[in-house]
Amino acid sequence: MKYRALIRDCPLGELNTWGSGGRCLWLAAPSSVAEALSLIAEAREEGTRLYLLGGGSNVLVQDGLLSAGVISTSALTSIKLTEAGGAMAAEVEAGLPVRRLLALSMEKNLGGLAFLTGIPGTVGGALHGNAGADGESFAPLVDGIETISRDGALRVWSREELRWSYRASPWSEDPLMITKAWLRLPFDDKDNIIKNIRYFAELKKGQPIGAKTAGCVFKNPPGASAGRLLDNCGCKELAVGGAVISPRHANFIENRGGASSRNIYDLAEICRKRVFERYGITLEYEVKFFGTF
Ligand code: EPU
């Protein structure tokens with residue numbers, strides 16, 4: 001691998017919000033789509049498995065050596081705004097932190113983004129997992145998304161081609177990397193934006209803000225809250241090593257210090273089993289796995 005901004009044998013613990021996991025073969029942060037394309041082509045030639053890392057707020061990285069390269073979107077953070085047809089068109093690179101987009105929406109009086117309040121990570125990550133709150137998400141705002149497929153092809157998905165559903169990516173086969181998205185943001189009144197941000201902040205009050213977590217571990221099953229089911233099964237404060245089910249919200253696992261990814265996974269599986277035994281429901285993971293568990 002000849003790539004310049006490349007760190008070999010890179011520890012991933014500091015690059016994810018759980019603060020757990022081992023090292024990867026290399027980590028690279030391309031600063032343009034062209035660099036990303038050549039990096040992916042090179043890795044393909046070498047037969048190196050690849051993972052894509054955004055803000056690291058929804059991933060569980062295996063302990064020890066992850067025998068793969070990791071591409072970070074941290075150097076792809078530009079945003080271009082153009083006023084068009086009574087709305088603001090925004091071309092946003094995937095690595096832009098969600099909180100920066102939210103701050104910009106306040107500054108420029110742009111509506112539709114208050115759902116991002118309290119959501120960590122990057123725009124690319126939020127699009128990939130269709131992050132949201134209270135039924136709101138990026139979906140109605142997205143005009144198109146540019147991606148690179150696992151075989152290294154650049155593609156633009158139009159609004160009509162994107163199939164949004166709850167906490168799932170909008171395409172049938174996941175591409176390797178989201179590079180940018182085009183958003184259409186309606187103008188809104190500042191007071192209304194602030195009111196909406198307060199509303200979404202209020203929804204997060206029962207969550208363990210400030211603790212080392214990866215947000216909700218499991219998706220909500222249809223018609224139910226995974227957090228409530230886990231709570232009903234007595235999961236709060238169960239622990240494996242330094243991994244503890246949050247006493248505030250049972251769908252969050254806190255790393256209270258020194259938890260390995262194995263500890264976190266084992267704890268999640270214990271809780272998942274409890275829910276299955278009591279309710280016959282198999283909870284589906286919302287977090288993404290880097291490596292094998
Ligand atoms: N509840 C309990 N015990 C718990 C947790 C929740 O009884 O330990 C109850 C609550 O009292 C409430 C109900 O379950 O009556 C629903 O809880 P909450 O309002 O916290 O919502 P949620 O369904 O658990 C979802 C999203 C969150 C999002 C919030 C707010 C999922 C998996 N979770 O949580 O998203 O922030 O709504 O809109 O969709 C995430 O995806 O990472 C995430 C944090």
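Predicted model: local features only at pLDDT ≥ 70, side-chain atom pairs only at ≥ 80, totals over all residues.
**Exercise 1. The ligand shell**

Find how many residues surround the ligand, and which are the closest. Then sort the shell by residue class.

*Solution*

Step 1. Apply the 4 Å cut-off. The shell has 21 residues.

Step 2. Pick out the closest. They are Tyr166, Asn220, Arg228, Asp231 and Ala250.

Step 3. Sort by class. The shell splits into 7 nonpolar, 7 polar and 7 charged residues.

Step 4. Assign the shell to elements. Helix H5 (residues 226-232) gives the largest share, 3 residues.

**Exercise 2. Polar contacts and cover**

Then state how much of the ligand the protein covers.

*Solution*

Step 1. Set the limit for a polar contact: N or O atoms within 3.5 Å.

Step 2. Turn to area. On its own, the ligand has 820 Å² of accessible area, and the protein covers 74% of that.

**Exercise 3. Asn251**

Is Asn251 buried or exposed? Locate it and describe its surroundings.

*Solution*

Step 1. Locate the residue. Asn251 sits in the loop between strand S14 (243-245) and strand S15 (253-255).

Step 2. Check accessibility. Asn251 is buried because its relative accessibility is 0%, and the cut-off for buried is under 20%.

Step 3. The Asn251 side chain reaches the backbone oxygen of Phe218 at 2.9 Å.

Step 4. Collect contacts beyond four places in sequence. Asn251 touches Gly215, Cys216, Val217, Phe218, Asn220, Ala226, Gly227 and Leu230.

**Exercise 4. The nonpolar cores**

Describe the largest nonpolar core and name its residues with the most contacts inside it.

*Solution*

Step 1. Count. The largest core holds 33 residues, with Phe138 and Leu183 making the most contacts inside it.

Step 2. Trace the suppliers. Those giving at least two residues each include strand S7 (87-93), helix H2 (98-107) and helix H4 (190-203). Strand S12 supplies the largest share, 4 residues.

Step 3. Inspect Phe138. Beyond four places in sequence, its contacts include Leu101, Phe115, Val123 and Leu183.

Step 4. Look elsewhere. A separate core has 25 residues, among them Leu60, Val217, Cys235 and Leu267.

Note on methods. Residues numbered from 1 in each chain as written. Heavy atoms only, no water. Core = buried A, V, L, I, M, F, W, Y, C linked by side-chain atoms within 4.5 Å. Buried < 20%, exposed > 50% of the residue type's maximum accessible area, 1.4 Å probe, protein only. Contact = heavy atoms within 4.5 Å. Areas by Shrake-Rupley, 256 points an atom, 1.4 Å probe, with all protein chains shown as cover. Nonpolar A, V, L, I, M, F, W, Y, C, P; charged D, E, K, R; others polar. Polar contact = N/O pair within 3.5 Å; in protein donor to acceptor, adjacent residues only side chain to side chain.
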